[in-house]
Structure formats: structure tokens, C-alpha cells
Amino acid sequence: MTFVSPMPSREFLWDVFQRVDKDHSGSITAEELQVALSNGTWTPFNPETVRLMIGMFDKNQTGTVSFEEFGALWKYVTDWQSCFRSFDRDNSGNIDRDELKTALTNFGYRLSDHIINTLIRKYDRGGRGTIYFDDFIQCCIVLYTLTSAFRQFDTDQDGVITIHYEQFLGMVFNLKV
């Protein structure tokens, strides 16, 4: 299942970029991006999710996003928004346990109910057994990153690895999550 939104015009993106770049520095900070993004709950976008996304698109490692990097980030967020809406079957504005399980299964993950419940507990900032849009993005980024790191050691793709403690620490501490 692929969610691809059309890329808006360069003029549209430039207008949005200038409105988000409050200090007119020519780049967007995590704080500026957090204010500009909406998770649909009238609460600030999760700062950890913003940090992860800045890190993904900040190609020159400045801690900010340039206009060119912003276009890719915009597309990334709008694609996630389409994805989120498609799995929010009851249009509640959040993802419940069953919707999360459906989404992750569609992404190719085969996770136990125990792990699904763990993910709900970990990413449920509201304490209601649901995950908001921004936390859904974070959950999926972290799950993807951890899975990719695991697969580097799972050479026979059987879902089992044997590693030394220091290999494990190296794997975890080298992740950008």
C-alpha cells in the first residue's frame, strides 16, 4: 500500500516556507516547524517527532531545514497524513489499537498483540488507548529504524539474531531515533 501526494508548486512551498520561517533566517528550526505542524488535536506537535523529521531531511547537519529540504519534508508529512487518514477508519482523528495493528500489518510487520499493546502504551500521549497523528509518525519511524538495524544482523532473514552485548549497544546507540 503506497500513499503518494502530488508535489505542490514551488511557489506554494515558498509561501509556506516563508510563513514557517518566523525569524527569516532562510532555514526552519525544530521549534518553528513544531508551531507550523498540526496533529489535529489542538496540542503542539510532538517535539520528538519534529526532531526525528528534521534529522531525516537536514542533509547538511545544521539542525535546521533549508527551503530545498523543506519540499521533501512537506511531501513526507502529507504522505503520512494520507496514510494516517486511511487507517483511521472511524475518522476519530487518532489511531486505536486495531487500526494500528491493521496499519502495521499493511506495512509488512507481523507483530504480536503484546507488542501492539506495548506500542500503544509507548506512543499514547493522551492516555486514552489511541495514538495521535504526530505520535503515529514517530512510532512508524522508530519501528522502521529498529527493524532496519535488526535486519543488518539477520542475514538469513529468519527473525532471529545472535549478537554480543557490545554489538547490541553499538547498534542501538548508532541509531538516529
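The stops below concern a predicted model.

**The nonpolar core**

Begin by selecting Met-53, Trp-80, Leu-100, Leu-104, Phe-136 and Ile-137. Within the largest nonpolar core, which has 41 residues, these touch the most other members. Next, colour the elements that give two or more residues to this core: helix H1 (10-20), helix H3 (47-57), helix H4 (67-87), helix H5 (97-106), helix H6 (113-123) and helix H7 (133-153). The largest share, nine residues, is supplied by H4.

Now centre the view on Ile-137. Apart from neighbours within four places in sequence, Ile-137 is in contact with Phe-45, Thr-49, Met-53, Tyr-76 and Trp-80.

**H1 against H4**

Display H1 and H4 together. Their axes come within 10 Å and cross at roughly 105°. Angles of 65 to 115 degrees count as roughly perpendicular, and H1 is therefore described as roughly perpendicular to H4. To see the contact, select Arg-10, Phe-12, Leu-13, Trp-14, Val-16 and Phe-17 on H1, then Phe-67, Glu-68, Phe-70, Gly-71 and Trp-74 on H4. By residue class, this contact of H1 with H4 comprises eight nonpolar, one polar and two charged residues.

**H3 and its cover**

Move to H3 and select Thr-49, Val-50, Leu-52, Met-53, Ile-54 and Phe-57, which are buried. Strand S1 (27-28), helix H2 (30-36), S2, H4 and H7 are included in what covers the buried residues of H3. At the start of H3, show the side chain of Asn-46: one of its side-chain oxygens reaches to within 2.8 Å of the backbone nitrogen of Glu-48.

**Thr-64**

Finally, select Thr-64, in the loop between H3 and strand S2 (65-66). Is Thr-64 buried or exposed? The relative accessible area of Thr-64 is 15%; because the cut-off for buried is under 20%, Thr-64 counts as buried.

Which residues does Thr-64 touch, leaving out those up to four places away in sequence? They are Ser-27, Ile-28, Thr-29, Ile-54, Asp-58 and Glu-69. With Ser-27, the side chain of Thr-64 makes a polar contact, side chain to side chain, at 3.5 Å. A further side-chain polar contact, of 2.8 Å, joins Thr-64 to Thr-62.

Conventions. Residues are numbered from 1 along each chain as its sequence is written. This is a predicted model: local features need pLDDT of at least 70, side-chain atom pairs count only at pLDDT 80 or more; totals for chains, interfaces and linings use all residues. Side-chain values use heavy atoms; hydrogens and water are left out. A nonpolar core is a set of buried Ala, Val, Leu, Ile, Met, Phe, Trp, Tyr and Cys residues joined through side-chain atoms within 4.5 Å. Buried means under 20% relative accessible area, exposed over 50%, partly exposed in between (1.4 Å probe, protein chains only). Helices (H or I, at least four residues) and strands (E, at least two) are DSSP runs, numbered from the N terminus. Contact means heavy atoms within 4.5 Å. A polar contact is a pair of N or O atoms within 3.5 Å; within protein, one must be able to donate a hydrogen and the other to accept it, and residues adjacent in sequence count only if both atoms are side-chain atoms. Axes are lines fitted to C-alpha atoms, for helices over the stretch in contact, and angles run from 0 to 180 degrees between N-to-C directions. Angles under 35 degrees count as roughly parallel, over 145 as roughly antiparallel, 65 to 115 as roughly perpendicular and the rest as oblique. Ala, Val, Leu, Ile, Met, Phe, Trp, Tyr, Cys and Pro count as nonpolar, Asp, Glu, Lys and Arg as charged, and the others, Gly among them, as polar.
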